[in-house]
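Student: I've got a model open and would like to learn how to read it. Could you walk me through a helix pair, a sheet and the confidence scores?

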Amino acid sequence: MQTFFKSLKQGLAASVLLAAAITNVQLVTAQDDKTLLGAGSSFINPLFSKMFADYNAKTGIQVNYQSIGSGGGILQLTNKTVDFGASDGPLNDEQTAKFGVPVLHIPQASGAVVITYNLPGNNNNINLTPDIIADIFLGKIKTWNDARITSVNKRMNIPGLPILVAHRSDGSGTTNIFTNYLSKVSAEWKSKVGSAGAVNWPAGLGGKGNEGVAGLVKQTPGAVGYVELIYALQNKMDYAKIQNKKGKFIIPSIASVTSAGNVKMPDDAKIFITDTDAPDGYPIAGFTWVLIYKEQNYNGRSKDRATKLLKLLWWNIHEGQAFTQPLNYSPLSKEAQKIAEKILKSATYDGKAIL
Amino acid sequence: MNDQKLKTKTRSSSGMIRAESIFKRSLIAVGIAMVLLVAGLMITLIIESVPSMKNLGLKYLWSKTWDPVNNVYGALPFLIGTLLTSFLALIISIPFSFAIAIYLGEYNPKGWLSNFLKNTVELIAAVPSVIYGFWGLLVLVPIVRSLEIKVGVLPYGIGIFTASLILAVMIIPYAASLGREMIRLVPSPLKEGAYSLGATRYEVIKNVILPYTKSGLFAGILLSLGRALGETMAVTMVIGNTSMIPDSIFGPGNTMASVIANEFTEADHTLYLSALIELGLVLFVVTVVINMIGKRIIKRFTNE
C-alpha cells in the first residue's frame, strides 16, 4: 500500500510539474520577443523550416511554425494566438467577415498540382487537354483508349484500360487548387461540383494525403490522380503535360510554375493563378500566402515585435527565395514579388507604416 | 507491551486511517472527474453542432449527399459505412477470438507456448493503427484485389470488405483476452463434475464452460465492437473514402470517424465544421446506444 501511495504521489507531482512546464513554455513563447509564432499550410512547411533556420542563424530570431493545415492556421490567426498564418488559398468571404479587420495576403512561393497516372508500357508524360481532364474526373471518359485521349497522344501506345479516378479524401490546398482549375476550364464542373478544399466527388476513390493518392495510383493499372508537383518529383512518378490557355502542352516544372505567376496581379495578391494567361505557364498552379493583420497594434503587441515580423516577411520574399528551388518550390515571379513588397509596406502600427 | 511501542503503533495506525481516507477521497474524485469529462464532451458536441442542427434539421440523419461546396450535409452514407464495417469485422473476428480464448483458457492454460501465444495476441492490440493502415494498403489490398477479380466484382481492392478485414484483426485481442480470463475463472468442481459424469472435453466446453462464461464473452464482443466503431486511421486508408452509400460489401464507402479525421482540419466555414461535429455527436450516440443494448443483453444472460 505504502509503495502505491508513494508512486501515486510521485505520479501526481510529475503531472503537476509537466502541466506547469507546458504552461510555462506557452507563457515564455508569448512574451519572448525573440520568438515569432506562425501556423498553417503543411505544403509550405519544408520551405519554411529551411528558411527560418537560416534566418535564425543570421539574426538570432527564432520562428516557431506549426504545420497544422491552412484552415487551422487561419483559425489561430483569428484567435490571435500566432503572429502570422499561412494558407494555400486566399480567405473566403466567411473567414474575412470573421476577422472583421483587414488582413494582408503576402505570396511566399508557388506550387503546382500534377496529374499522375499508372499506364503500363512506356507512356512518359502523356498529353492532356483541360476538357479531357474535366471529363475524366467527372467520370464521363471511362477508358484510356477513348478517341479524345488518343487523338492528342498519337505517338503513344495507350492501352485500353478502364480509368480509375483517385482523389484526396482529406481537405487540402491541393484539392482547392485542382478544383479551382477544373471550375475555370469546365462549366459543367463548376455547376455540378464547384471548388473547395474538399468537394463532393462525382467519381473515383479517395486516398488520405498525397501518399494515399499515390498509393492508389501506383497499385492500380489505369488509375489517375493528382498530387503536389514536389511529391511527384521526389517519388519519381509519371505526370502529364497539360495544355494551357494559349494551346501549348506544358510539362510541370519549377520554371513553368513560376511563369504561371508572371501575370497581371491584383493589388491584394488574392488570385488563383490556375488556367494562367502566361504562354509558358503551367495551368494548375497556386500561391501559398502568409496572412497577417494589416494593423499590427492589437492584443498589446509591441512595435518591436511587429517590426521583427515585417522584417522576416521582407526577407522571405527576397533573400529567402534562394531556398525555393533546391526544395522544388517555385520562386515568386518578378511581378508577384513587386506586389508582395507593396503589400508589406502597407502594414501599419498605430496607423503608421512600419517598413 | 511497553508504552513506547504502544504509542508508535497508535500513531502509525492513525496515519493509516488518514491514508485510507485520502485514498478513498482520491478514488471518488477520479470517478467524478470521469463522469464530468463524459458529460462535458456530450455538452460540447451538442453546443457545437447547433448551427448544423438548425440549418439541416433531422434530415441530416437520412439525406445522402455530403457536399461542402454547396453546404449540403447528410450523414447516412457514413452511418451505414460505420455500422457495416464494424459488424462485418465483428462477425469475422468472433470465431478467431473465441477459438483463442478457449484454447488458452482451457486446453493450454500454462507453459511457454501458452504464454507466447497470449503475449502475441496482446501485442496485436498494441500495434499503432497507422501501421495496420499501411499494411492494409500495401499487403492486404492487392490480395483482396486478386480475390475480387476471381469473384467477378469491380477490382478496386479497397473498400468496405478490406476495411472490415483490418478491423477484424485489430479487435481480435479484446474479445480473446477477456474470454480467456473468463474461461480460466470457471470453478473446477463444475468441470470435474461434468467429467465424472462421463462428459468429453468438447461437451464440457459446450455445456459447462460456455454457458457459465457467456456474459463475459459477450462483454468482450462489446468491447471489440466499441473499438471497431471508433477506429479511424487504419479504416480511412483502405475504405476508399467516397461519400456514396456502398452498393456492395466490396464497394468503397466511408465511416463517420474517417470523415471527421479527413475533413476537420480544413473545414473552412461554420456550417461545415458544425456538420462534422454533429457527425461526432451521432457517433457518440450510436456508441452509447449499442453499449446500452449490450448491457441489457448481458443482464438478461446473467439473470437466467
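Tutor: Start with handedness: a crossing is left-handed if the near helix is turned anticlockwise from the far one by less than a right angle, and right-handed if clockwise. Here, α4(B) and α9(B) cross in a right-handed way. This is a predicted model, where local features need pLDDT of at least 70 and side-chain atom pairs count only at pLDDT 80 or more, while totals for chains, interfaces and linings use all residues. Residues are numbered from 1 along each chain as its sequence is written, with chains lettered from A and ligands numbered from 1 in the order in which they are written.

Student: Which residues make the contact between α4(B) and α9(B)?

Tutor: Contact means C-beta atoms, placed from the backbone, within 7 Å. Among them are B:Ser86 and B:Leu90 of α4(B), and B:Ile209 and B:Leu225 of α9(B).

Student: And how do I read a sheet?

Tutor: Strands of a sheet pair through backbone hydrogen bonds, either parallel or antiparallel. Two strands (E runs in DSSP, at least two residues, numbered from the N terminus) pair if DSSP finds at least two bridges between them. In chain A, an open sheet of 3 strands runs β5-β9-β10 with mixed pairing. Its edge strands, β5 (127-128) and β10 (249-250), each pair on one side only. β5(A) and β9(A) run parallel, joined by 2 bridges; A:Asn127 has A:Lys241 as its bridge partner.

Student: Where is confidence lowest and highest in chain B?

Tutor: pLDDT is the predictor's confidence in each residue, from 0 to 100. Helix α1 (residues 3-48) of chain B is lowest, at a mean of 86, and α4(B) highest, at 95.

Terms used: Helices (H or I, at least four residues) and strands (E, at least two) are DSSP runs, numbered from the N terminus. Two residues are in contact if their C-beta atoms, placed from the backbone, lie within 7 Å.
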